[in-house]
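Biologist: Could you walk me through this one, please? I'd like each label set against its definition.

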Amino acid sequence: MRKFFGMISESIKMSVQNIKSNKMRSFLTMLGIMIGVASVIGLITIVQTATDYVMGQFSELGAGTITVMTPGTSLKVGLSEKDIDTLRSIDGVDGIAPSVSTTVSAVWDGEIYDNVTMEGVDVSYFAHNDIIEDGRSFREFEADGYTQVCIVDKTFTDKVLKKRNVIGQTVHIGGYDYLIIGIQGDSTNLSAAYSDNSNSDGSVMVPYRNVMRMTFANNITNMNVYVKDGASTADVETALRQELDRIYNKADNAFSVINLESLVNVMGSVQSMLTSMLGGIASIALLVGGIGIMNMMLTSVSERTREIGLRKALGAEPARIQVQFLMESIILSLMGGFIGILLGLVIAYIGSSLMDVAFTISWGAIALGVGFSAAVGIIFGWMPARRASQLNPIDALRSE
Amino acid sequence: MSNIALDNSDKILVMRDICKDYKMGGETLHVLKNIDLSVKRGQFLAILGPSGSGKSTLMNIIGCLDVPTSGQYKLSGRVIADEDETSLANIRNKEIGFIFQSFYLLQRQTAFENVELPLIYAGMPEKKRKERVEEVLEKVGLADKMYNLPNQLSGGQQQRVAIARAVSTNPTILLADEPTGALDQKTGAAVMDLFHSLNEEGRTIIMITHDRKIAGHARRIVKILDGIISEGDVEDA
């Protein structure tokens with residue numbers, strides 16, 4: 001056992017010595033592995049960072065949420081409150097929040113702001129979206145009636161109200177006075193994300209009937225269906241489709257049901273496909289690097305034929321010679337691999353800052369890089385090392 | 001098989017009817033023909049022969065770099081036949097100290113590291129190794145050149161490093177192949193002096209040479225010509 005460790009440590013020492021004495025050649029050989037590993041790590045990290053980000057957004061928006069749009073038919077536009085109650089009774093449905101919105105103007109402090117998004121929701125919306133930062137959400141009786149209370153977002157406070165402490169004050173929106181009862185925090189919902197653009201004056205949330213009154217709508221054409229924890233979103237989706245088919249008498253294009261969860265699944269498979277495709281392309285670079293290693297090791301073996309013969313004459317077993325050369329190729333490719341990982345992370349960092357997404361170091365990718373380069377060292381070093389170990393000491397000693 | 005002669009224990013090397021054939025194309029070349037040779041412990045033997053006489057092949061077999069086609073070879077009581085590469089390497093490490101015409105030192109390693117090499121292969125721990133290397137380098141008079149690279153040493157000094165390397169593992173036989181071939185006469189003589197003093201310490205030395213004068217330093221000379229040994233039965237010259 002001690003002999004084995006001695007063999008490994010001697011091999012490492014000799015390999016380092018040999019790599020040092022052939023600096024230029026070793027560096028050029030390492031370059032192949034460096035580029036290969038860097039491109040594998042870089043591409044995989046970028047793809048993963050980007051798709052993780054997008055998927056994160058999707059699942060934040062749509063975890064357990066099914067969006068239903070019901071333009072309806074010419075005979076029956078949208079859904080009535082009664083229809084929605086029918087949908088609410090479907091097994092696995094936790095709640096349905098009608099989603100209606102319109103653009104209105106607001107008056108504050110004598111000034112008029114034209115670009116205010118008014119969003120109508122009901123209580124179940126708040127049960128599934130934790131957005132209240134300050135104040136409170138609607139009470140049930142407020143949400144179901146025409147109560148003039150509103151929850152303002154940050155853009156609205158910044159652009160229109162121009163101060164923070166606004167709860168309890170009244171603002172004139174779309175011709176009615178609304179009591180501000182809450183402030184919503186960072187926009188995690190879609191409409192807030194829309195209102196994030198610069199010419200928007202922000203958005204306010206009000207009980208949905210207020211919006212329906214404002215838009216003269218009798219029916220609801222847009223709603224979020226929330227699925228109970230533990231219930232299958234897919235099952236609920238199927239049941240919704242059946243019920244809507246019944247309501248619209250199987251008319252074409254009367255409604256659409258969007259299950260964000262299934263979108264996330266699609267995204268997931270797109271991600272893994274992209275990852276393996278790009279990883280595959282980058283692996284070609286790694287393969288080329290491996291061939292470079294093999295080439296250098298073969299050169300090294302034939303250059304050092306006499307040295308190998310001498311070592312054998314002095315008592316080096318074939319296995320020891322093989323370990324020595326294998327170690328040299330592994331060290332070479334691991335060195336290339338480590339530099340490649342650093343390079344790949346830099347590429348990934350630059351890539352993710354260009355795409356403006358958070359950069360995360362993927363330990364999996366690093367492990368992959370180390371594993372890949374070690375594997376390349378072993379696979380492409382094996383043949384030259386084997387050749388060295390099988391040299392006949394007599395012929396080897398005699399070669400000039 | 002009668003092993004009476006082989007079991008004589010003061011003979012550390014016994015060869016019986018050794019033949020070595022090489023196949024060249026369709027022809028078989030008989031390089032060594034029925035060699036009988038035995039060497040006593042502490043002997044200083046020269047194998048004298050011109051090039052092409054088979055002396056290098058004989059040296060390879062003695063040095064366990066090669067195995068005979070037929071015949072029996074016993075070294076330190078161990079029969080060397082059909083051994084695999086690994087055990088041959090171990091035998092070489094333990095039994096044989098090689099000294100080559102052109103020294104064969106690793107150019108990128110210091111004198112110390114060159115001498116250390118066979119001890120590493122023997123699996124000696126580092127501390128003991130250091131002591132041993134210093135001891136043998138001192139013996140060949142290179143205590144002050146221990147950390148020089150071979151190209152910082154003269155030819156004679158390089159050959160002395162090689163001799164130190166050969167004796168480091170305390171082998172049964174020192175096997176020298178034209179040890180003075182690459183040296184001028186004066187340095188060559190100094191190397192031969194070193195051989196004499198090693199022999200006086202009781203080391204067995206087998207020297208292969210084509211130079212009658214160099215062979216004259218040995219206590220016993222065996223001539224080889226066309227693969228046949230002569231005067232081989234003279235046990236003590």
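Modeller: Happy to! The C-alpha centres of domain 1 and domain 2 of chain A lie 56 Å apart. This is a predicted model, where local features need pLDDT of at least 70, side-chain atom pairs count only at pLDDT 80 or more, and totals for chains, interfaces and linings use all residues. Residues are numbered from 1 along each chain as its sequence is written, chains are lettered from A and ligands numbered from 1 in the order in which they are written, and side-chain values use heavy atoms, without hydrogens and water.

Biologist: Which residues make up domain 1 and domain 2 of chain A?

Modeller: Domain 1 takes 2–58 + 265–398, and domain 2 takes 71–254; the bounds come from an automatic or database domain assignment.

Biologist: Why does Met277(A) count as partly exposed?

Modeller: Because its relative accessibility is 47%, and partly exposed lies between buried (under 20% relative accessible area) and exposed (over 50%), using a 1.4 Å probe and protein chains only. Buried residues make up 48% of the 400 residues in chain A.

Biologist: Where does Met277(A) lie?

Modeller: Met277(A) is in helix H10 (residues 260–303) of chain A; helices are DSSP runs (H or I, at least four residues), numbered from the N terminus.

Notes:
Helices (H or I, at least four residues) and strands (E, at least two) are DSSP runs, numbered from the N terminus.
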